[in-house]
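Colleague: I am new to this one. Please show me how to read it, feature by feature.

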Amino acid sequence: MTNTITSSHWGAGIVAERPDGALDVLPHPDDPDPSRINENIGSALRSDARIRRPAVRASYLKHGPGKVDGKRGAEAFVEVSWDTALELVANELNRVRSNYGNEAVYAGSYGWASAGRFHHAQSQLKRFLNAAGGFVRSEGNYSYHAALILMPHILGNFREHITEATRWSTVAQEGQLVVMFGGMPLRNVQVSGGGVAKHKLRDQLKDCAKAGVRFVNFSPLKSDALDDLGAEWLAPRPGSDTAIMMGLAHTLLESGKCDREFLSRYSVGFDRLEAYLLGHKEGIVKNADWASELSEVSADTIRNLALEMSEKRTLITTAASLQRADYGEQPLWMTVALAAMLGQIGLAGAGFGIAYGADASIGTMSRPMPWPSLPQGKNPVDIYIPVAMLSEMLEQPGGAYEFNGETRAFPDIRMIWWAGGNPFHHHQDLNRLRNAWQRPETIIVNDMFWTASARHADIVLPVASPLERNDIGGGTQDNTLIPMPRATELPDDVRTEFEIYCELETRLDLNHKFSLGRNEQEWLETLWSEMQKTASQRGHSLPSLRAFWAGDAISFDDPTPGAVFLQAFRQDPDAHALPTDSGLIEIASEKIASFGYDDCPGHPTWIPPREWLGNASHNYPLHLVSGQPETRLHSQYDAGDFSRERKVNGREPIHINPTDATNRGISNGDVVMISNQRGTCLAGAVVTENIRAGVVFLWTGATYDPDLDHPDQLERHGNPNVLTHDMRTSRLSQGPAAQTALVQVSRFDDELPPVRAFEPPLKDPNGI
């Protein structure tokens, strides 16, 4: 089959067949700024990294569940039949449920599985386990967990804020100044949850610049702002953004530019923040000079910018990455407070937005109606952990922890089932995670590739790629439905997850609670019928499912093309009260204050990061920033050609300033060793003026590839999470804080170890 359409999180594409029958995914002609990540799909599926048959870790196959002795991730696998693999899964699920209950099963289906609405790994696995009695789940996400927990206290539901974000079209029409904390990196906006049909942000940002909007980029990376914007680059110490915002705020106070009328009408608690900024309690005035000392941005620059912000229609944007650092709630809270002091919240082209640049759809479009989705059912187990507390959960069964005003206890997990994600990409301090990962009695992983998570499993189930099944594509915020017809047949020993769970529900006597007796086509017809009814209620007529698969994407009008965040609240704060305790913006929160957290007090507070350039040592003098790569989504399709093309000597690139490189004898293209007290990895040096001196930037997502025979378990491929710490943002949100890490970098002059990340960890079945 050729020239069929498909969809991924990074865009629609056209499936084309090579003369040898192999498939590639080409850009969709209607996409004005298509992502090259689609180039990874065909080449990755053809690679040795593809899982082609069910496999079981050798000693697990021989002895069954029990003591692991560090073998997960070190031991080879034996390929087995589907009957053997499913019998092992069914028996083990029954054993764990019978002996320990469903609260001993953790379903780690986190993140960015597949763009399809039916074959969605999280929904499929969670529906199956709900039918089988439930599971322990995770709460929140690694991307913007602090915002999910903090924002309801001070402003409202953050997921709604993302969809309601002020559109860039209104910024072009009405805005004058955009101040970006953390920049607006376009490598991030290649993707959108569930998919995106047209990448619009690049052109919309250009429209803003053409209209005369000025941009300021607070980031250690100049490239975090599109060159066409001509943004002023201010490169602070990472982790000092809250201090800069406070210096700006103090300047508004001392110059009389603070909009007290807005604060009085639309917010509560400013008096406490004002007293803090003026130093009434601890005697430290948070003025521009104080902020300059912490950030190394000049005090005059901070003062002048504050005055400019007060005189122009100003939009403040704060990148989601800023909250993934020590005390990451604080820059979010201070963003809201600073915007409120300017008094421009709810005005077209002004106010603030958090997580712009984290997703292709934020500020560019919205979907006009809900898309169909596979119902997950009700989970009978009411136990969860904050998503980033995975290692603690495994290390401390029954242990207590604080979270969002509660004291909770970790469950005692005996079995993990992971699908649609990769904890050995997302999680921090991977050496710690690897040790904690040895504790459960059984780990099952569904995957297309031999990812690090699959290598650290006991039972591996090979699953279909989106090109090998029928589905319906629709982004969580995109305004387009994209057909996803099967472009090629399934490999012989690979199955869809739906097929796997249908057979397991028979083995477990679940009486069709999962499938409801429907096959794949019947489920897809049911979901499409629901979509047709939803569309009809809104005046749209959709074709049959088969006609949809045979055609092109179906786009709808953007329902809110001129959206302005909090405009209705500004116009009438009584009729459109916020879902906070006061109904207003809570610049200080009585509820948060009542929790008594010294790491997240009741108003925005400057708390020095645990590791940053303000306390760097001779041993670890550089600040490591780790961010989304240009060449893939997280770790997905790392085995693909485009991902491998940008590696340096087969390893992930690390960007380093020429001054830091010269001081270490490092040249462009050298392999370097990055190290700290938590771990060591290799990467390929990219020497560039586009990064602040004292900071290095290493893309995330390189398939974790540790040399377990090396005394430091040297990671050979360039995964930054062997270096990041696994402490939380605060007791309020318990979010990840990966952006707070100090390291040393040196040229690696030893013999280069080979990268083994894409080699199947298989052995001869006769060698068990």
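Modeller: Start with a helix pair: the axes of helix α5 (residues 145–154) and α14 come within 10 Å and cross at roughly 40°. This is a predicted model, where local features need pLDDT of at least 70, side-chain atom pairs count only at pLDDT 80 or more, and totals for chains, interfaces and linings use all residues. Residues are numbered from 1 along each chain as its sequence is written, and side-chain values use heavy atoms, with hydrogens and water left out.

Colleague: How do I read a helix pair?

Modeller: Two packed helices are described by the angle between their axes and the distance between the axes. Axes are lines fitted to C-alpha atoms, for helices over the stretch in contact, and angles run from 0 to 180 degrees between N-to-C directions. Helices (H or I, at least four residues) and strands (E, at least two) are DSSP runs, numbered from the N terminus.

Colleague: Which residues of α5 and α14 meet?

Modeller: Ala146, Ala147, Leu150, Met151 and Ile154 of α5 meet Glu329, Leu332, Trp333 and Val336 of α14. Contact means heavy atoms within 4.5 Å. The crossing of α5 and α14 is right-handed. A crossing is right-handed if the near helix is turned clockwise from the far one by less than a right angle, and left-handed if anticlockwise.

Colleague: At what angle do α3 and α19 cross?

Modeller: Helix α3 (residues 82–100) and helix α19 (residues 497–507) cross at roughly 60°, and their axes come within 10 Å. That makes α3 oblique to α19. Angles under 35 degrees count as roughly parallel, over 145 as roughly antiparallel, 65 to 115 as roughly perpendicular and the rest as oblique. The crossing of α3 and α19 is right-handed. Among the residues making the contact are Trp82 and Leu86 of α3 and Ile500 and Leu504 of α19.

Colleague: Now the interior. What is a nonpolar core?

Modeller: In soluble globular proteins, nonpolar side chains tend to be buried together. A nonpolar core is a set of buried Ala, Val, Leu, Ile, Met, Phe, Trp, Tyr and Cys residues joined through side-chain atoms within 4.5 Å. Buried means under 20% relative accessible area, exposed over 50%, partly exposed in between (1.4 Å probe, protein chains only).

Colleague: Which members of the largest nonpolar core touch the most other members?

Modeller: Leu155, Trp168, Phe352, Ile674 and Val745, out of 146 residues. Helix α14 (residues 329–342) gives the largest share of this core, 10 residues. Apart from it lies another core, of 74 residues, including Ala85 and Tyr637.

Colleague: Is Tyr637 buried or exposed?

Modeller: Tyr637 counts as buried, at 6% relative accessibility. Tyr637 sits in the loop between β24 (622–627) and α24 (641–645). Its phi is near 60°, a positive value in a residue other than glycine.

Colleague: Where is Gln713?

Modeller: Gln713 is in the loop between β28 (695–699) and β29 (742–747). Its phi is near 50°, again positive in a residue other than glycine. Gln713 counts as partly exposed, at 26% relative accessibility.

Colleague: With which side chain does Glu39 make a polar contact?

Modeller: A polar contact is a pair of N or O atoms within 3.5 Å; within protein, one must be able to donate a hydrogen and the other to accept it, and residues adjacent in sequence count only if both atoms are side-chain atoms. The partner of Glu39 is the side chain of Arg36 (2.7 Å). Glu39 lies in helix α1 (residues 39–46).
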